[in-house]
Every structure is written in structure tokens, then in C-alpha cells.
Amino acid sequence: MGFCLFGNVALAARYARSRHAAERVLIVDWDVHHGNGTQALVEQERDIHFVSMHQWPWYPGTGAAEDRGPHQNVWNVPMRASLPAQEYVDAATDAFVPDLVMISAGFDSLAGDPLGAFTLEYEHIELLTRFLIDRATDWCAGRIVSALEGGYVPERLGIACVRHMLAME
Ligand SMILES: [Zn+2]
């Protein structure tokens with residue numbers, strides 16, 4: 001319902017399961033919008049867990065915390081705008097041990113984005129990145145894939161992408 005023609009991360013998660021012997025895939029979506037397309041594409045797959053952090057209430061209006069999907073493999077983390085950033089970081093946890101972690105890296109969650117009202121800064125992107133790298137190292141030898149999603153201030157998006165990639169070294 002946003003700007004995505006394909007559900008890239010959902011497709012990639014299914015591909016990893018069918019072609020690369022990954023059994024369990026964790027998708028963490030920190031785009032400011034609920035990943036409603038991703039949820040629709042993976043909620044029937046019990047071995048794909050989906051965590052979406054998103055502003056609430058906000059477009060597209062889906063992604064309530066009670067919406068766990070038909071198989072309870074979805075964790076929606078709706079948040080008010082302007083919460084302390086640490087709360088966004090802390091929200092990305094659960095006890096599932098994946099073979100592969102995928103990040104829906106939407107940078108419209110940065111402060112100042114015209115399509116959101118979150119308050120993340122570059123250092124919070126680095127914290128989230130390192131947090132997920134650390135967890136992926138414990139879970140699955142650091143297998144992690146990040147896909148660019150939203151972000152509508154080009155200068156900030158560019159810097160955020162670089163900081164995100166440097167944090168993955
Ligand atoms: Zn978005």
C-alpha cells in the first residue's frame with residue numbers, strides 16, 4: 001500500500017527457505033510504517049517471524065499490537081511519535097532462534113522525515129544495527145541481510161545508509 005512494487009524482504013525470506021536451507025527467518029522492520037505487505041506475505045509461514053516497529057496511529061492504519069497473525073508469528077510494536085529512541089531499540093527482541101535475520105531498513109523512522117514523526121538519529125540506527133548483528137552472531141553465525149526501504153530526506157537517507165553499512169562491519 002506504500003511505494004513497494006514487490007515485497008522484497010518477504011520474497012527473500014521465502015527464497016532463503018526454499019533455496020538456501022534456512023529454516024527459520026526473523027524479519028525486523030524498523031520503517032516508520034507498519035509492514036502490512038510483509039505481514040500479509042509471511043503471516044501464514046510459521047517459521048518466519050516478523051517484528052514490525054512503527055508509528056501508531058499512522059498510515060496505513062494496520063499493525064495493532066493485538067494483531068499477531070493467525071499463527072502468532074507476528075509481533076507488531078506500534079509506538080507513539082517522539083518516544084525516547086531507546087524504546088525503539090528495546091522493542092526489537094523476542095526468543096525465536098533464526099537461521100537468518102533480515103532487516104527491512106526503512107529510514108523514514110529518522111527524525112525530520114516528512115512521512116513520519118519518529119525521533120531516531122544516526123546513532124540509533126547504528127545501535128539497532130549493532131544490536132541485531134550481535135544477536136545474529138549468537139543465533140546464526142551472523143547471517144544477516146539488510147534491504148533498503150523508506151526514507152524521504154535524500155541527504156539524511158544517504159548518511160543513514162552509510163552509517164548502517166559501517167555498523168555492519
Ligand atoms: Zn515507510
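This is a predicted model: local features need pLDDT of at least 70, side-chain atom pairs count only at pLDDT 80 or more; totals for chains, interfaces and linings use all residues.
Local features need pLDDT of at least 70 and side-chain atom pairs pLDDT 80 or more, whereas totals for chains, interfaces and linings use all residues. Residues are numbered from 1 along each chain as its sequence is written, and side-chain values use heavy atoms, with hydrogens and water left out.

The zinc ion has the protein donors D31 (OD), H33 (ND1) and D108 (OD), 1.9 to 2.0 Å away. Donors are N, O and S atoms within 2.8 Å of the metal (3.2 Å for Na, K and Ca); water is not among the atoms, so sites may look incomplete. The donor spacing in sequence is D-x1-H-x74-D. D31 lies in the loop between β1 (25-29) and α2 (36-42), and D108 in the loop between β4 (100-105) and α4 (122-140), 77 residues apart. Helices (H or I, at least four residues) and strands (E, at least two) are DSSP runs, numbered from the N terminus. Both D31 and D108 are buried. Buried means under 20% relative accessible area, exposed over 50%, and partly exposed in between (1.4 Å probe, protein chains only).

Seven salt bridges are present. Each pairs a side-chain nitrogen of Lys or Arg with a carboxyl oxygen of Asp or Glu within 4 Å. One of them joins E126 to R163 at 2.4 Å, N to O. This pair links helix α4 to helix α5 across 37 residues. E126 is buried at 14% relative accessible area, while R163 is partly exposed at 27%. Salt bridges with shared partners also join R14, R17, E45 and D47 into one network.
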